[in-house]
Amino acid sequence: MLGAGCDEVGRGPLAGDVVAAAVILDPENPIAGLDDSKKLTEKKREQLFTEIQLKAKSWCIARASVAEIDKVNILQASLLAMTRAVQGLHIQPEHVLVDGNKLPKWHYPAEAVVKGDSRVAAISAASILAKVTRDREMVALDKTYPGYGFADHKGYPTKVHMDALDKLGITPIHRTSYAPVRAKIEQMKLF
């Protein structure tokens, strides 16, 4: 049975898109060192990112935008990004394993696997593709929106990020449906 792994990254940050990936690994061309992207060093993730793209039978990286996150909520946007990733595979899978405990509403036979990014190689590979892609985007956005520290915290609500929101206000890449960003908008209305 031709199976794919699927995962997303970027549910917790206050800024940027949520990014998902789907991967169908090639059993004839194994990749050593796959694991949950959060457990790997940046250097190892970058190495595996290229290797996955070269060795996988099929892979796709997709996203849901900040506007979509604000419109439908982060869970639905994550499921949308995962659906796009699986649909974007040039080889369609017969079965999909998804990290977590929720499945998109789609026609694929699928199973949600809690901690799947640590337990299933194809989900680990998807986790790595999604994380490297999103991290690179946040580094690029740090140049577009200097002073927020996106290259370091990747949009998560760190003290540096929260202080920057106080000092600089919100950007077009901030998720206005998230409480800390919404609070900053309300604060700005008072002045």
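**Notebook: salt bridges in a predicted model**

I began with Arg-84, which is partly exposed at a relative accessible area of 31%; buried means under 20%, exposed over 50%, and partly exposed in between (1.4 Å probe, protein chains only). I noted that this is a predicted model, in which local features need pLDDT of at least 70, side-chain atom pairs count only at pLDDT 80 or more, and totals for chains, interfaces and linings use all residues. Residues are numbered from 1 along each chain as its sequence is written, and side-chain values use heavy atoms, with hydrogens and water left out.

I then looked up the partner of Arg-84: it forms a salt bridge with Glu-68, the closest N and O atoms being 2.7 Å apart. Here a salt bridge is a side-chain nitrogen of Lys or Arg within 4 Å of a carboxyl oxygen of Asp or Glu. Arg-84 lies in helix H3 (residues 74–87) and Glu-68 in helix H2 (residues 66–72), so the pair ties together parts 16 residues apart in sequence. Helices (H or I, at least four residues) and strands (E, at least two) are DSSP runs, numbered from the N terminus. Glu-68 is partly exposed, at 24% relative accessibility.

I recorded eleven salt bridges in the structure. One of them joins Arg-63 and Glu-137 at 2.5 Å, N to O. I found Arg-63 in strand S3 (residues 58–64) and Glu-137 in helix H5 (residues 121–144), 74 residues apart.

I next examined Asp-163 and Lys-159, whose side chains meet in a salt bridge (2.8 Å, N to O). Both lie in helix H7 (residues 159–168), four residues apart, and are therefore separated by about one helical turn. Lys-159 is exposed at 62% relative accessibility, whereas Asp-163 is partly exposed at 37%.
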